[in-house]
Structures are given as structure tokens and as C-alpha cells.
There are 2 protein chains.
Amino acid sequence: MEILTRQIQFIVEIDKLKSVIRKSKLFKSDREENDAEHSWHLAVMGMVLADHSNEQVDILRVLKMLLIHDLVEIDAGDVFVFDTVARSRNVAVEVEAARRLFGLLPPEQSEEFLSLWSEFEKGETPEARFAGAMDKLEPVLQNISNNGGSWTEFNVDLEEVLDINKSIREGSAVLWNHAHSLIVRHFNKA
Amino acid sequence: MEILTRQIQFIVEIDKLKSVIRKSKLFKSDREENDAEHSWHLAVMGMVLADHSNEQVDILRVLKMLLIHDLVEIDAGDVFVFDTVARSRNVAVEVEAARRLFGLLPPEQSEEFLSLWSEFEKGETPEARFAGAMDKLEPVLQNISNNGGSWTEFNVDLEEVLDINKSIREGSAVLWNHAHSLIVRHFNKA
């Protein structure tokens, strides 16, 4: 039962995602979110918002990507989305993490997971673009609910917020319109 | 944009799942798991273990069920799986919770989510049986890693553990064989 042993080992290992703490906080809360909670929320958002995707998507592949997209942070850690220097430095570490973590699985699944993760990172398919939009939209909604949240805490200005989040539009113009107006309204009253 | 407004309202509301605390703890940890982390873990387990299902399953429906199966606990709370009296008392409260929560969504999605939740609860389809097996298997693995975990804490004996978890077999005989041997070995050395 070599296959099952490897699968169980992977299932136990990924429990560590629950201890990777993000910069953004739960809605109307001062408690930081962890990566497992974040991944769950994005997957449900994907279910709920799929019809707003610019292009038709295979929702199963969207959900799979969202569920595993942050697993590499078990080894590589969470890097603040606005810290672009640290993010580019972290790329090689994330690739190594993907190899180690997905390498725990039986070969066929290992390849499938690596391919899903890589597709998400590249953002070149309709599914990856829509999944990427979910990943950006959740912290926007959280920060709005927390009166600026991590934007206020780390002094991020309107221009930077729009610049980092504008890729939402590539997945969904409808959701970007919504996010854009929330962001602008927030900074106008701040 | 009435549809999007309702969807966003639902997305914000379900954030509360991250504050519903379970009886079982993270792997090799004394920190209790919350329902959002649990739902994420089950969904990834579903991705990884689907080939062990007794019957072929539509994995998309399995993932959707696992992602939303515990949302009713936002209103109804988490009831310990071994507290069968409280569990049967809680059924009406959960039905009411499902109506309220899924009722936040636009009508068509509201029906889809209610139907997925109800399918999971009834456990009468291959997808619901396999999803149900994931829901039982995760705390078994956690308790084994925590030297008995909630079984030890709440004085649950071998017979009760086997009785509550034997429904894993209806979703996957392979996974039940594995879980059964882990459970028996644990109680034999305890």
C-alpha cells in the first residue's frame, strides 16, 4: 500500500498550512488569517463567483488550483503582496518547496499538483486568471471591512493598491469594476 | 448588480466559519482546529484520495460538498461527533441555518448550495458517501497523531470509535481498512 502511505504522509504534512500566518486579517476582525482559511475562502468564492469570469472556466481546475496554490508557503513563508523585492527573491524558494511537497505524493499525482501550481503561478489560462482574481479579491474585501486593514498598517497608497490588484480585471472585468470602486471610495474618505 | 451584491454578502458572512472551533486538534498539536481549516483539509484530501472511493465519483461535486458542508455550524455550532443526543437535537437548527445562509445567495445558487448540503447530510449518493468518509477520516488521523486526542480527552472507548467511524467503509473500503487498523493499534497500546 505504498500509494496510500505516501498520500497520508502528504495529508499530514500539509496540516502546516494552518500555521502560515498572512498579513491580512479576517473580516471586521483584528485576528490574522492563516493560509488554510484563506485557501478555503477562495475556493468557495470560486464556486460563487464563477459566472463573472471573463472567459468560460473549468471550475474543477479553478477549485483545485485555489486549494493548493499556497502550499509552497509551508516552506517559503507568506510574503506581503506589496513587498515586490521579497516576492521576486522568493521565487526559487517556492519552486524548491513545490518539488519537496508535491514530491511526497505518488508520481502521477505529484505531476498533476505541480502542474496545477505552476499553471496558477503563470496566470496564462482562463482558469489561472480567474483563480488569481479570487486570490486578490479576498484581501481587498477584508481590508475594506477593516477600514484599510493591512493597507493602513503598512502605509500602502491608492496607486499601489490599484497597481497590485488590477490583475483582477484579467480574470473578471465585473469583479474588477466592483473592487476598483470599493478601493477608490475607501481612499477618498480616508 | 443585485446578484453580485448578494454574492459578496454571502462571502463576507461565511468568514465566520473561521471562528467555529472543533473538538479535534491539528496534527501533533494542542491547538483546536476551526471549521474553515477543516473544510479546506477535507477538500484537499478528496483531491488526493478520490481513487480509493468504492464507486466512481464526480470529484467536482465532492469538493463542492466538502467546502460547504459545515457552513450551517455558523449558526448551529459544532457538536461533538460522539454526543449523539445533542447531534439529533441539532438537526432542526441546522436546517434553519442552511435556509438562512444559503438564502443570502441569488435564488439559483441558493438552491444549488442547499441541494449539495442536503445531499451530503443524507449520504445516499457515491459522492456524499465518499465526502462523508473524508469528514470522518481527518479527525481519526489527527487523534492518532495526538496520542488519542479528543478520544482520550472525552473518554471515548474503542467500540464507540469504531462505531462512529465505520461509515468510512461506505465511501471507501480501502480507507476504512487503514483507519480501522490505526484505531485498533492505538487502543491496544493505550
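How many residues of chain B are in contact with chain A? In this predicted model, 47 residues of chain B are in contact with 47 residues of chain A, contact being heavy atoms within 4.5 Å.

The model is predicted, so that local features need pLDDT of at least 70 and side-chain atom pairs count only at pLDDT 80 or more, whereas totals for chains, interfaces and linings use all residues. Residues are numbered from 1 along each chain as its sequence is written, chains are lettered from A and ligands numbered from 1 in the order in which they are written, and side-chain values use heavy atoms, with hydrogens and water left out.

**View 1. Area buried between chain B and chain A.** About 4000 Å² is buried between the two chains, and carbon and sulfur atoms give 78% of this area. Buried area is the accessible area (1.4 Å probe) that two parts lose on being put together, summed over both. K18(B), W40(B) and M47(B) supply 19% of what chain B buries against chain A, more than any other three residues.

**View 2. Polar contacts and elements at the interface of chain B and chain A.** Across this interface, 20 residue pairs are in polar contact, both residues being at pLDDT 80 or more. A polar contact is a pair of N or O atoms within 3.5 Å; within protein, one must be able to donate a hydrogen and the other to accept it, and residues adjacent in sequence count only if both atoms are side-chain atoms. Among the elements of chain B that give two or more residues to the side touching chain A are helix 1 (2-13), strand 2 (32-34) and helix 2 (35-49). Helix 2 of chain B provides the largest share, 11 residues. Helices (H or I, at least four residues) and strands (E, at least two) are DSSP runs, numbered from the N terminus.

**View 3. Salt bridge between E33(B) and K18(A).** The closest N and O atoms of this pair are 2.7 Å apart. A salt bridge is a side-chain nitrogen of Lys or Arg within 4 Å of a carboxyl oxygen of Asp or Glu. Between chain B and chain A the count is four salt bridges.

**View 4. Aromatic pair of F10(B) and F113(B).** The ring centres lie 5.7 Å apart with the planes at 85°, so the pair is edge-to-face. Rings of Phe, Tyr and Trp (its six-membered ring) pair if their centres lie within 6.5 Å; planes under 30 degrees apart count as stacked, over 60 as edge-to-face and the rest as tilted.
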